[in-house]
Amino acid sequence: MSEQEEKQDDLKRRLEFERHITQVSTHLLNVKPESFEQSIHAALADIGIFFKVDRAYLFAIDHIRQTQSLTHEWYADGIQSEQAHLQNIPLSHFPWIKKKLFDNQVVHIPDVAALPPEATNEQQEFRREKIQSLILVPLFQAEHIAGFFGLDAVGCKQVWSEDIQVSLRLLGQVFANAFAANKLDLKMQRLAYHDALTGLPNRKLMEDRLAQAVARAARRQSGLAVLLLDLDDFKLVNDTLGHAAGDNLLCQVAHRLETMVRENDTVARMGGDEFVFLVEVDESDDASDIAERVLQEVSAPVEIDGHKMVTHMSIGISLYPDDGESPESLLRYADIAMYSAKTGGKNRFAYFDSSMDDHAQEVMSLRFELGEAINRKELVLHYLPCMDLASMKVCGIEALVRWNHPERGMLQPGSFLTLAERSDMIGRIDHWVMQSVTEQQSHWQSQHPELRLSLNLSVRELYSRQQLDHLIHRLLTLFDDLSCVELDIAESSISQNMELAIEHLNLIRQKIPEIRIAVDDFGAQLTSLSRLHQWPVDTLKLAPVYLSNLSGGSKAEGAKAEGVLHSLIDLGRNLGLCVIAEGVETSVQCDLLKRLGCERAQGYYFSNSLSSAQLEPWLIGKGVSDAV
């Protein structure tokens, strides 16, 4: 072959290679993420066959660990794979190659035997792999080396011309661009299907997996449980500690839930403070076990911005195929069951049943109507008297809000305040109660100056500094004498974030020294005894459960219940606190409380809650105690 023919043949081969590069580039840059790996391997095979080499491969460099790993490899028939041997190799093991590649040089080695002395480590490795010739091309992304592309000749030596080296460098950039584009595609795909805050699957991915899980359960004739999880009082965290703290809490909860996921299960964030568990089950008890574990795991204390908190969840459960056979119905029924758990006291789970559906429609209607109830003047105040047991005269009244619904009649707080607390309506109701009480309180105080008025302090007012400041301002503005006003806060509310609760109760005490503070429903949890001496409170209102425990069991159980009640009364008195027993329904209970040294009590034995019109003559008939 003449020299000119050789040049023409070389030109023809180079043009063919450039066309090949163009085809590979077009294919790799347009490939979808799910078929990317397969396309990379196909491209390496095409290049290896085109150059008649024995291996074509890609290495990735980990700059944090300072290692290199063989990630993709094609090898010819009769040639051994090296991928298993070349993982996490320290870059320092091959300093000669590292320097050239990091300097963005093509490493062309036509004869391994002719390597210089400084490449001893490299030469030993190439001989182990039986390589006679090779070429390595650095892959750069954003001016930093990400890895390299290589070709090995094992059977015979091979030389790559400068023109081919230029083309191979271009091919290396094609690989680098393809990996960068795929990484971006994967990131965009993850953003589309995963929650940006917690990293969990989002609603879109959850709905897709739920559809697949339903189809799989139908084929296998197996069960599926959908658990809808909602954090209790999450809005309170945002209102008191800020949205950054709320995000922190959501991330911690998400991590705890993620550790509980089994191989075929899914946990996802629906949005806000709602999560979903998709669980393959054999029996409904499996879902109960999961729900109980979730409640236990989530309720473990967390620390947010230096505040130790205990958070809880309400969980609704729907089952396939018992409750529904479509993804939409299963999610809807789980949501209805979750709301039932929420209204049933929170920190619990509930299974869906058909009666809940009608109730859910009723609740939604009630929620809408509540928004207009204040404007229509349907809210009214009732008052529950508190008795001084020594004189059996009235020593205080507790203001309680009622809803005089035009169709449903007089509604108790439990049927609508939970709805209000989940929205901004609770703030409007609190403001209305305060305004309405003061319109009548001045009259009572003139007639009965010793009468103590109790107002309920909502969770939102306790934990939100802004709401608390508004409350303090209203109290100072609306009341002439605050020494006869007592604020009631439930023990369970204080326990949610004890440090912040104590801080804010002390703030009330600082701004209004004469006002009294009472702990309502005390002892229902018994989680606070060790910190009780730190609470800036004046009164303990014992939970009604301690009186109800006195009857219904054996004589021995009754004696134990009486002993517990006596201990709580003594505890309060030893701390210098006024003790009020709630839920007194019989004369026997009343006499027992007197014998145990309890000072005050309230309950239906003395009186039901009274309207303002009923209260005045009742006070005159019973008389008002002068005990402070």
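Modeller: A word on classes to start: Ala, Val, Leu, Ile, Met, Phe, Trp, Tyr, Cys and Pro count as nonpolar, Asp, Glu, Lys and Arg as charged, and the others, Gly among them, as polar. This is a predicted model, where local features need pLDDT of at least 70, side-chain atom pairs count only at pLDDT 80 or more, and totals for chains, interfaces and linings use all residues. Residues are numbered from 1 along each chain as its sequence is written, and side-chain values use heavy atoms, with hydrogens and water left out.

Colleague: How many cavities of 30 Å³ or more turn up in the whole structure?
Modeller: Five. A cavity is a set of points, on a 1 Å grid over the protein atoms alone, where a 1.4 Å probe fits but cannot get out; lining residues have an atom within 4 Å of a point. Points are joined across faces, edges and corners, and the volume is the space filled by probe spheres set on them.

Colleague: What's the volume of the largest cavity?
Modeller: About 240 Å³. Its lining has 20 residues, and F59, L86, F126, E129 and F148 are the closest to its centre. By class, that lining has 12 nonpolar, one polar and seven charged residues.

Colleague: And the second largest cavity, what's its volume?
Modeller: About 80 Å³. Its lining residues include C386, R452, K541 and Q602. The classes there are four nonpolar, three polar and five charged.

Colleague: Which element gives the largest share of that lining?
Modeller: β15, with four residues. Strands like that are DSSP runs (E, at least two residues), numbered from the N terminus.

Conventions
1 Å grid on protein atoms, 1.4 Å probe; cavity = no way out; pocket = protein on both sides within 12 Å on 5 of 7 lines; lining within 4 Å.
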